[in-house]
Amino acid sequence: MALSERAYRALLVAYPSEHRRLYGDSMIQLFRDRIRRDGGGLGTLNVWVQVGFDLVVSAFKERMAALLAIEAWTGRWWEASVVLLTVNSMVFGFTFTNSGHLGWGIATGFAPAVLLLTGLALRNSHRRGATVLLTVASVGAGFAWWVIYTVVLALAVVVGGFRSGRIGHEPREPVAVT
Amino acid sequence: MNPENIVDLLPLPVAQLHILLALADGEKHGYAIMSEVEVMTGGSVTMGPGTLYGTVKRMLNSRLLEETDERPDPVLDDQRRRYYRLTGFGARVLDAEVARMEQLAGTAERKRTVGIRRLGLEGR
């Protein structure tokens, strides 16, 4: 196996494992084809510049998509719970130390996580109200100084759910080829 | 398929439009798609493996494409390659996107003509 191909194969670790499993071999094949066609001396360098840029941009995109896809978390309750509890503990700590009110800290720190997990559970069982709960959870977590937290949750719900049609919609029926 | 779903997908991202056009005349594997896009764009667009297969994945999820086991020429072809082709829905989305672009191009042409007349640039 050529050095370039070995290097490219190693760099595929930048993509999520699911993406690598589905398309890793095809991507290596395409890279091999490019090197075969355009490689040799400066040509190889040129291919690497193009492919390197492509790799950075597309790997970031795939990582973000994997992170924001609710499906990526719904089957991993332990990981999702740990992440949510960590984030919400930080929010709770911040709120409690700033406001001095225990109840206020709990309400703003943990209530969104409870709503989010409930929404995910309902969504898994295809119950109505999952979309509402998920949206309330993400919006409810939002106060002025938690912009990043809110944006991440809102994106997870809105982009990962509504845009892909996986929440609140029936799956699309396969269409026969004409 | 609800026709409203076609409208939801428009305008198509450029990479998706290129892939739909590349597959309009038959199934192709990744390298053939990339080569076809290069030809269509006069060499100005070369899709990298990450962009191509990331886009293909999204298009498969949207049911614009499907993977096929058919081979144009099984004797000459590498069986390990994965081939893709348009679905009926993908063909309709491509049709709607091209119609949208034609309408836009028509508007642009009318605006351009009006602009040239207004600025007195005719014949220059």
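Helices are DSSP runs of at least four residues, and strands are runs of at least two. By this rule, the predicted model has nine helices and zero strands in chain A. From the N terminus on, the elements of chain A therefore read α-α-α-α-α-α-α-α-α.

Chain A contains 178 residues, and 25% of them are buried. Contacts in chain A between residues at least 6 apart in sequence were also examined. Of these, 44% join residues at least 24 apart.

Chain A also touches chain B. The contact takes 23 residues from chain A and 20 residues from chain B. On the side of chain A, α2 and α3 are the elements that give two or more residues. This side of chain A divides into twelve nonpolar, five polar and six charged residues.

In soluble globular proteins, nonpolar side chains tend to be buried together. In this model, the largest nonpolar core has 29 residues.

The residues with the most contacts inside the core are I19(B), L23(B), I33(B), M34(B), L52(B), V56(B) and L65(B). One of these, V56(B), touches I19(B), L65(B) and Y84(B). That list leaves out residues up to four places away in sequence.

Terms used
Residues numbered from 1 in each chain as written. Chains lettered and ligands numbered in written order. Predicted model: local features only at pLDDT ≥ 70, side-chain atom pairs only at ≥ 80, totals over all residues. Core = buried A, V, L, I, M, F, W, Y, C linked by C-beta atoms within 7 Å. Buried ≥ 20, exposed ≤ 12 C-beta atoms within 10 Å, placed from the backbone. Contact = placed C-beta atoms within 7 Å. Nonpolar A, V, L, I, M, F, W, Y, C, P; charged D, E, K, R; others polar.
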